[in-house]
Amino acid sequence: MRRVGISAKLVLGTACILILLGLAVTWYSVSQLGVLLRQQMEERVQAQANNWIEQNRLSFTLFLDIAVDEETRDSGAIDFVDEQETLHRVAEQLQEKEWIAYVILLDQSGNVRASAGPPEDLVERPLQAETGSWDEYRDAQGNSYFELTMQISASGTGMSSDLEAVFGASQSAEETYLGWLRVGVDREEFDRRLDTFANRNIGLAAVLVALAVLLSFLFAGRIVTPITEMGRIATQIARGDLSRRVKRGADLQDEVGELVRNFNTMAGEISLLKTGLEKKVQERTRELEEANRKLEERDRLRSVFVSTVSHEFRTPLTSIKLYAGNLLDAADPRPEKVRRSLEIIDEETDRLTRLIDDVLDMRRLELDVVDWRMADTDLEELVRKSTELLNPQAAKKAIELRASELEHQRVHADPDWIQRVINNLIGNAIKFSGQGSRVEVALARTSTAGPGRRKCGECALVRVADSGPGIPEEDLSRVFEPFYLAKRRPSKVAGTGLGLAISREVVSHHKGEIWAESREGSGSTFYFTLPLVTSSNLGEPVVVSE
Amino acid sequence: VPKKVLVADDEEYILDAIVEIIKQENFVTLTAANGAEALKLARTEVPDLLLLDIMMPEKSGFEVCRELKSDPATKGIYIILLTAMGQQRDEERGYESGADEYMTKPFSPRDLKNKLRELLG
């Protein structure tokens with residue numbers, strides 16, 4: 001029944017009930033009709049027979065009552081033929097009446113005196129039945145007959161008073177009877193009439209059932225059409241067309257009508273809700289876009305600001321450096337004191353330039369407006385470059401710069417910035433180490449990071465160890481603060497005071513860690529880690545970010 | 001024939017100092033105080049070398065560089081961009097616009113002299 005719709009179910013159910021009802025009613029009415037028809041027929045035949053007996057009582061009195069034996073009849077003493085003829089004519093009169101198929105007249109002794117229309121084999125039969133009784137007989141051909149047997153009484157209202165006077169009427173009316181009457185009704189005729197009535201009845205029932213089924217179909221349509229449409233519209237609403245409403249059945253005053261109206265109200269609410277939501281989302285999106293635009297604009301302005309500051313500082317510094325240089329290069333010999341002053345101007349110009357660069361880089365890192373260029377990077381290569389770059393500087397102090405235990409370690413990083421971090425750490429180590437000492441650089445793999453050696457996943461570890469004076473315990477965590485070391489370093493050691501602060505910002509941007517370990521008097525070791533490019537993050541395309 | 005060097009910078013002091021350095025090396029110097037002037041002079045004089053500041057009024061060094069390098073008559077001019085911004089992105093933009101070299105301010109007279117001798121000597 002899954003594929004059968006509500007409409008079909010309703011109609012089928014109604015039709016089944018109606019057909020069963022129709023069958024029951026028809027069956028009952030047809031059986032009742034048979035009983036009624038039989039009753040009607042019997043009454044009618046009886047009435048006709050009675051009437052007929054009343055009308056012809058004289059003839060019966062005259063001709064039937066006389067007991068005539070064979071001898072008498074044959075002797076011709078009585079005009080038997082004439083009597084016979086009269087009785088026969090009278091019998092035919094009755095036979096012509098409605099229902100009646102045959103009539104048989106018998107005398108008191110049961111001899112057949114006259115008949116009209118009976119089948120031959122039914123004429124001579126012994127009398128068994130009582131008066132007024134109905135029986136059924138069958139002739140040789142197989143035709144059935146209902147037969148009424150009646151006594152023809154001598155007295156009755158039908159006899160005229162003068163005749164009664166003539167015949168004296170000495171016997172009591174109840175006891176006196178003239179003969180017997182057998183009236184036959186063709187069973188086939190009865191059945192045919194019954195069939196006609198029954199057929200009419202069945203036909204009417206069939207028409208009524210058909211009409212009822214049709215009506216139920218129409219009613220089912222009234223119920224089902226709005227529901228079907230509701231289903232269709234619900235699908236369309238689910239697909240996003242929220243303007244759809246059910247039109248069929250909205251005016252119905254029943255449960256279906258209420259359902260349709262409630263459905264439409266609900267659809268309206270959903271539509272309103274959605275428009276409200278959409279509006280809200282649009283508003284939020286606009287707000288976010290605006291905020292984002294503002295942020296971008298702020299970042300752009302910050303970036304431009306840093307660039308402009310850089311430009312504004314560098315322009316006068318360029319002039320200073322060029323003029324000092326020109327003076328130094330001038331052909332005329334200058335006093336030594338002047339030459340030395342010009343050299344200091346030149347050196348300090350360079351230092352100021354570096355300081356400005358570092359301050360502005362620090363600012364860029366803090367403002368997060370650095371133009372990162374992330375790439376798949378081999379740290380080993382960067383460490384090697386740094387040692388090569390700084391070897392001359394180390395050589396000046398006869399420091400052995402040893403880069404041992406270097407392994408290829410691939411990280412996702414901005415190579416220029418990481419290069420700066422390594423340069424800074426090695427540069428510091430050289431600066432703080434004494435003449436003829438040693439600086440060791442190593443590159444390895446680790447899974448712990450920080451002063452407490454916490455778990456950090458697979459990382460590359462860069463280690464730079466010097467043999468300088470070391471850093472007091474309380475300063476170890478503060479060396480990465482801007483300008484912190486500047487206060488403590490020997491006056492001869494040049495630096496901007498921002499190197500470690502910048503390094504910390506850069507490493508933390510790369511999700512790595514930077515820390516220092518030291519014991520006063522026996523040198524310091526600086527470490528930093530960077531997450532390794534592993535098989536899990538190798539799949540990602542290496543994007544060079546803007 | 002003495003080699004011609006065009007210097008374009010909107011900073012007067014810097015312009016003068018650079019001119020003095022070039023003169024010491026015995027090259028002919030031409031000067032421009034903004035981008036448009038630099039472009040005009042480069043087209044009429046077709047110098048051997050152009051020292052081109054980036055941040056200039058009228059037209060930026062990048063624009064001047066791009067226009068000169070896209071013109072067959074001037075694309076042979078060797079262009080050194082001078083910048084005071086000192087950021088990697090600016091350097092890349094410089095090469096994108098067709099510059100041959102890039103010098104970051106401040107630089108010393110000696111750096112420039114070495115460069116001149118290397119290119120024109």
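Two strands are taken to pair if DSSP finds at least two bridges between them. The model described here is a predicted one. On that criterion, chain A holds an open sheet of five strands with antiparallel pairing, in the order β2-β1-β5-β4-β3. Its edges are formed by β2 (112-116) and β3 (133-138) of chain A, and because each of these has a single partner strand, one side of each is left without a neighbour in the sheet. From one strand to the next the twist averages 25 degrees. Within this sheet, strand β1 of chain A, residues 100-107, runs antiparallel to β2(A) and is joined to it by four bridges; A:Ile104 stands opposite A:Ser115 of β2(A).

Chain B also has an open sheet of five strands, here with parallel pairing and the order β2-β1-β3-β4-β5. The edge strands are β2 (28-32) and β5 (101-104) of chain B, each of which has a single partner strand, so that one side of each is left without a neighbour in the sheet. The twist in this case averages 20 degrees from one strand to the next. Strand β1 (residues 4-8) of chain B runs parallel to strand β3 (residues 49-53) of chain B, the two being joined by four bridges, and B:Val5 has B:Leu49 as its bridge partner in β3(B). Helix α2 (residues 35-45) of chain B packs on the sheet, where the helix touches β1, β2 and β3 of chain B, and its direction makes about 145 degrees with that of β2(B).

| Chain A | β2-β1-β5-β4-β3 | antiparallel | 25 degrees |

Between the chains, 25 residues of chain B are in contact with 20 residues of chain A. The area buried between them is about 2,200 Å², with carbon and sulfur atoms giving 53% of that area. Of the area that chain B buries against chain A, 25% is supplied by B:Ala84, B:Gln87 and B:Pro106, more than by any other three residues.

The second largest pocket holds about 480 Å³ of space. Its lining comprises 20 residues, and those nearest its centre are A:Ser303, A:Val304, A:Ser307, B:Gln87 and B:Arg89. Two or more lining residues come from each of α6 (255-329) of chain A and α4 (88-96) of chain B, with α6(A) giving the most, six residues.

Terms used. Residues numbered from 1 in each chain as written. Chains lettered and ligands numbered in written order. Predicted model: local features only at pLDDT ≥ 70, side-chain atom pairs only at ≥ 80, totals over all residues. Heavy atoms only, no water. Axes fitted to C-alpha atoms, helices over the stretch in contact; angles between N-to-C directions. 1 Å grid on protein atoms, 1.4 Å probe; cavity = no way out; pocket = protein on both sides within 12 Å on 5 of 7 lines; lining within 4 Å. Points joined across faces, edges and corners; volume = space filled by probe spheres on them. Contact = heavy atoms within 4.5 Å. Buried area = accessible area lost by both parts, 1.4 Å probe.
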